[in-house]
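Hello,

Here is the structure I promised to hand over. Please open it next to this email, and read my notes below it.

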Amino acid sequence: MTEEIVIESPPNPWDGSIELGLNGSEGNADVLNLRAGINATRKVAAQTLTLNLSYRLNTDQNLVTANRLFFDGRNEWQLLPTPWTYYVHQTTEYDEFRAFDVRITADTGMGYNFVQTDLTKLTGRAGAGVSHEIGGPDDSWVPELVLGGTFERKI
């Protein structure tokens, strides 16, 4: 009699997606629009890391009308057994048509899970942070109050 040993690997904590969009037209107006993005989420125990990167390039008559790269990252810890969370959040933005070269923001604060089921999640957040524009007319660090939230629904 032989005994079979099965070793199961832990579930993959990562989930994500890649998006790519391209459209254009040629004729009276030569238009080309490109959009690309990467989204990733890592959930382990009571911690969720969310990363999003998007890029957009639009041209009209061979002139660039939009050229933007945007990064958004958040790490959130669930304060079990309560519905409260603590988060840190950061964004970086490059936009060729803005008065700055790069804008960075960082904020931190508390969140509250108003609804949290397998199908629906509604979280409100409040905190404080700063923003800074690099290569723009105002080189100061600007304090900010942050209010917001997320709503997710699986269909």
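**What I found**

S5 and S6 form a hairpin with 6 residues between them. Strands here are DSSP runs of E, at least two residues long, numbered from the N terminus. Two strands pair if DSSP finds at least two bridges between them.

Two notes on the source. This is a predicted model, in which local features need pLDDT of at least 70 and side-chain atom pairs count only at pLDDT 80 or more, while totals for chains, interfaces and linings use all residues. Residues are numbered from 1 along each chain as its sequence is written, and side-chain values use heavy atoms, with hydrogens and water left out.

**The S5 neighbourhood**

S5 and S6 are antiparallel and share 11 bridges. In that pairing, Glu93 stands opposite Arg103 of S6. On its other pairing, S5 meets S4, again antiparallel, over 11 bridges. There, Phe71 stands opposite Thr92 of S5. A hairpin of 5 residues joins S4 to S5.

Pro81 sits in the loop between S4 and S5. The Leu80 to Pro81 peptide bond is cis, with omega near 5°.

Which way do the side chains of S5 point? They alternate along residues 84-95. Thr85, Tyr87, His89, Thr91, Glu93 and Asp95 point to one face and are buried. Buried means under 20% relative accessible area, exposed means over 50%, and partly exposed lies in between (1.4 Å probe, protein chains only).

**Gly111**

Gly111 belongs to strand S6. Is Gly111 buried or exposed? It is buried, at a relative accessible area of 1%. Leaving aside neighbours within four places in sequence, Gly111 is in contact with Pro83, Trp84, Thr85, Tyr87, Gly124 and Arg125. Contact means heavy atoms within 4.5 Å. The C-alpha atoms of Gly111 and Trp77 are separated by 9.4 Å, and these residues are 34 apart along the chain.

**The whole sheet**

The sheet is open and has 8 strands, in the order S1-S2-S3-S4-S5-S6-S7-S8, with antiparallel pairing. Its edge strands are S1 (14-25) and S8 (141-153), each of which pairs on one side only. On average, neighbouring strands are turned by 15° against each other, direction ignored. For that angle, axes are lines fitted to C-alpha atoms (for helices over the stretch in contact), and angles run from 0 to 180 degrees between N-to-C directions.

Some further pairings:

- S2 and S3 run antiparallel and are joined by 14 bridges. Leu32 stands opposite Thr59 in S3.
- S3 and S4 are antiparallel too, over 14 bridges. Thr50 has Arg74 in S4 as its bridge partner.
- S7 (residues 120-134) and S8 run antiparallel, with 13 bridges. Val130 has Pro143 in S8 as its bridge partner.

The hairpin of S2 and S3 has 2 residues between the strands. Ala45 lies in that turn and has a positive phi of about 45°, although it is not a glycine. Ala45 is exposed, with a relative accessible area of 92%.

The hairpin of S3 and S4 also has 2 residues between the strands, and Gln61 there takes a positive phi near 55°. Asn62, in the loop between S3 and S4, has a positive phi of about 65° and is not a glycine either. Asn62 is exposed as well, at 70% relative accessible area.

**The largest pocket**

How much space lies in the largest pocket? About 840 Å³. The search uses a 1 Å grid over the protein atoms alone. A cavity is a set of points where a 1.4 Å probe fits but cannot get out. A pocket is an open set with protein on both sides within 12 Å along at least five of seven lines. Lining residues have an atom within 4 Å of a point. Points are joined across faces, edges and corners, and the volume is the space filled by probe spheres set on them.

The lining has 35 residues, and Thr41, Lys43, Thr48, Lys121 and Glu152 lie nearest the pocket centre. S3 gives the most, with 5 residues. By class, 8 are nonpolar, 17 polar and 10 charged. Nonpolar covers Ala, Val, Leu, Ile, Met, Phe, Trp, Tyr, Cys and Pro; charged covers Asp, Glu, Lys and Arg; the others, Gly among them, count as polar.

Best wishes

Methods: Helix = DSSP H or I, 4+ residues; strand = E, 2+ residues; numbered from the N terminus.
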